[in-house]
Structure formats: structure tokens, C-alpha cells
Amino acid sequence: MEIFTSLQKYDYEQLLFCQDKNSGLKAIIAIHDTTLGPALGGTRMWTYKTEDDAIVDALRLAKGMTYKNAAAGLNLGGGKTVIIGDPKKDKNPEMFRAFGRYIQGLNGRYITAEDVGTTEMDMDLIHLETDYVTGTSSYSGASGNPSPITALGLYHGMKATAKEAFGTESLEGKTVAVQGVGNVAYHLCEFLHKEGANLIVTDINKESVKRAVEDFGAKAVDPDEIYGVECDIYAPCALGATINDETLDKLKAKAVAGSANNQLMSTKHGDILHERGIVYAPDYVINAGGVINVADELVGYNRERAMKKVEMVYDNVEKVFEISKRDNIPTHVAADRMAEERIQSVRNSRSQFLRNEKHILNFN
Ligand SMILES: NC(=O)C1=CN([C@@H]2O[C@H](COP(=O)(O)OP(=O)(O)OC[C@H]3O[C@@H](n4cnc5c(N)ncnc54)[C@H](O)[C@@H]3O)[C@@H](O)[C@H]2O)C=CC1
Ligand SMILES: CC(C)CC(=O)C(=O)O
């Protein structure tokens, strides 16, 4: 891969490769843009087929965080880490401590949290080496695992999506097809079940499927079947790029609203959803609940205030639909416009993030 060509294409600031032989750490930290503030974004641990796949994932996820944080109104830039390895087999405490020291070396340009494959316990280990970590469990001002709060934001955003697609925000009697019932989607299913929605679920992990079937009366289907099921809303909550050439023609849903990052394989697929009249709630707008919650730690965590901000996911999703209709553009373009306008307005007055005594990180 031509690294600088890739960085220049979407204007990335920094890409770091962190290696620790002792613990087996192989981490890639991508910092996309710090115009709005320090880059905040989670750490994913995953078994990538190639190192290039890991780099591409880190880059795509970091850019998504820039847009997510901007669209959510946070004074934070975008970054993300991927650790190469199997989260079930390759973790050890020294690995996360070594990673924490690399984060500390960035002196606040990057702050981390959980993502797929990492847990509160991992964040606690990172915290032994640096304060630039959120979503920890046992420290004063910690907000814990963000997944249930991401689910809450997603639920609010799904209601805004239902209002746009069906004229009512009620999800009672609606059928939601959930792909991947992990940390976020399990809690989403709980909210949906309480409201009286019908659930169709799938996961490559049979235990997760069993739990959703037993706890919420969900109907289970095989992973490949989820795209073609009769449903009102398709909720992609596993990994990215599941809206692609192959799956689009199978989709029967009238709306797409899920937690996964980078749901569209390419922007072309967002255009096709728009042309077909399928209401798409842009991923980084609807899944911002978790980052909104952990960001509150940076100003002294207050759960009540954080929950109020997470409710705003409804308004943000609604705003995207309004821009989309006003300008007659697909919703993914509308969301990008909303985020880019905010970044540009700040960029006009200052450029890269520079820590100063007025900044959010200097809260005491
Ligand atoms: N955890 C959080 O607070 C946030 C998560 N996200 C995104 O939401 C998505 C889900 O995150 P988590 O629930 O934390 O992760 P998770 O790892 O707990 O859940 C993902 C689930 O998807 C399943 N899965 C993977 N590939 C699959 C496939 N091909 N078909 C069906 N199931 C499959 C996994 O077995 C797992 O149960 C990820 O894309 C993540 O980046 C976004 C914002 C915040
Ligand atoms: C704190 C995390 C929930 C942030 C993140 O990495 C994400 O929203 O994807």
C-alpha cells in the first residue's frame, strides 16, 4: 500500500504503528482530523487477513469518527485504533499497558475507548498508563462500557427513522431484522421488545442468537438470510460494508438503521438506497450515543446530562432527513454536509489541535 497516497486522499493527519514484542502488541492508531479537538475513537481488536486490511480499517474508522463527533456537536476530532489479533486468544494485560504507553506518548492528541473486541477491563489496563482513555469501569468519573448507551441512542434514532419512513415514530408491531446481536444490539433488542416490535435476528455466534431468542422471543435466521427477510427496518449491528452490490437487491426493508460503522460499502450504495426510497439513517449519526456518553467523562461525567445529550440522536437524525429533502440529496451526503460545515467553520479560525489551558482536557 502507498501509505502517503492513502493519507493524502482523505487528508489524514497521522498514522502510527505500535509494536511491542514482549506482549505481542501490533496496533495501528489513525488520527484523521483534530480541527474540532483531540481525536476520540475506540480500539478494535480483530483478526485481519492482511496488514493492509488492518490499515484500511483503521483509516476508514478514524475518518468516520471525525464525522461522527462533528455531527454530534462534540468538540472532538476523529481517530481510531485497530489491534491485530484474536480478542478471545491473544490478549494479555501487558499488551494493553504497552498500548496505553503509546497513547500517553501522543500527549492528548488521541483518546481511546471500547470498540469491537475490547472491554472495560482492557480500558482499565490502558488507564494504568494514561489518562487519555474513557469507558473505564472503576475510576472516579468513569462511565463504563458505552454499548448500552450506543443502543439507547440507536433506539431514539430508529424512532426518528420510523417517523420518516412510516409517518409514526412508534415501533410497536414493526418488524426489525437485526444483524449481529452483540453488545450494542442485545440492548437495542431489549428496547424494541419492550415497545412491542417483532425481532428477527442473526449472528455468527450461536450463543448470542440463543440469548436473543430466549430473552426477547426473537426469530432466528442464518447469517446469509438476514438481508432477504420480510421486515420494516434492517438494523446492521455487526461489521461494516453490509450494504453492497450483493445485498442491496435482496433488501425488503423500507428503512436501514443500525449501529455498525461504515455500513455502506461505497457512497454509491447510499445513492441507490435513496433512489429506491429506502430511508437510510447514516451510521455515524445514529450510532453516536456511545461516544457522546464517554465524551462526557472529559468534562466530569454526569449521567443525567449525558443521557439528555444521547436523546439528541433523534434530533440529529431528523435534521439529516430535513437536509436531504431540502437539497434533494441522499441522506449520507446530507450527513457529510452537516459534519463538514461544522469542521470548516472551526477550521477557518484554527487548524490542528494544540493543547491549551482553556481546553476540555484541562478540566480538573
Ligand atoms: N460498542 C459501541 O458502543 C459502539 C459500536 N459501534 C459499532 O457497532 C457494531 C457492533 O458493536 P458491538 O456490539 O460493540 O460489537 P460486538 O462484537 O459485541 O457485536 C458484534 C456482533 O456481530 C456478530 N457478527 C460479526 N460478523 C457477523 C456476520 N457476518 N453476521 C452476523 N453476525 C456477525 C458478532 O458475532 C458479534 O456478536 C460495530 O460495527 C461497532 O463498530 C458503533 C458505535 C459505538
Ligand atoms: C467510544 C466509542 C463508542 C467510540 C467509537 O469508537 C465509535 O463510536 O465507533
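Is C231 buried or exposed? With 9% relative accessibility, C231 is buried; that word means under 20% relative accessible area, with exposed being over 50% and partly exposed in between, using a 1.4 Å probe and protein chains only.

## About the model

This is a predicted model, where local features need pLDDT of at least 70, side-chain atom pairs count only at pLDDT 80 or more, and totals for chains, interfaces and linings use all residues. Residues are numbered from 1 along each chain as its sequence is written, chains are lettered from A and ligands numbered from 1 in the order in which they are written, and side-chain values use heavy atoms, leaving out hydrogens and water.

## The cysteines

A disulfide is a covalent bond between the sulfur atoms of two cysteines. Here the cut-off is a pair of cysteine sulfur atoms within 2.5 Å, and the count is zero. Take C231: its closest cysteine sulfur belongs to C237 and sits 12 Å away, so that is too far for a bond. C18 is buried as well, at 3% relative accessibility.

## Around ligand 1

Ligand 1 has 20 residues around it, and T150, N183, V184, D203 and A238 come nearest (being near takes a heavy atom within 4 Å). The shell splits into seven nonpolar, nine polar and four charged residues. Domain 1 (3-62 + 77-128) and domain 2 (146-288 + 317-340) each supply at least three of the shell residues, with bounds from an automatic or database domain assignment.

Now for the oxygen atoms of ligand 1. One is 2.6 Å from a side-chain N or O atom of T150, and one is 2.9 Å from a side-chain N or O atom of R44. N183 instead brings a backbone N or O atom, 2.9 Å from a ligand 1 oxygen.

Technical notes:
Polar contact = N/O pair within 3.5 Å; in protein donor to acceptor, adjacent residues only side chain to side chain. Nonpolar A, V, L, I, M, F, W, Y, C, P; charged D, E, K, R; others polar.
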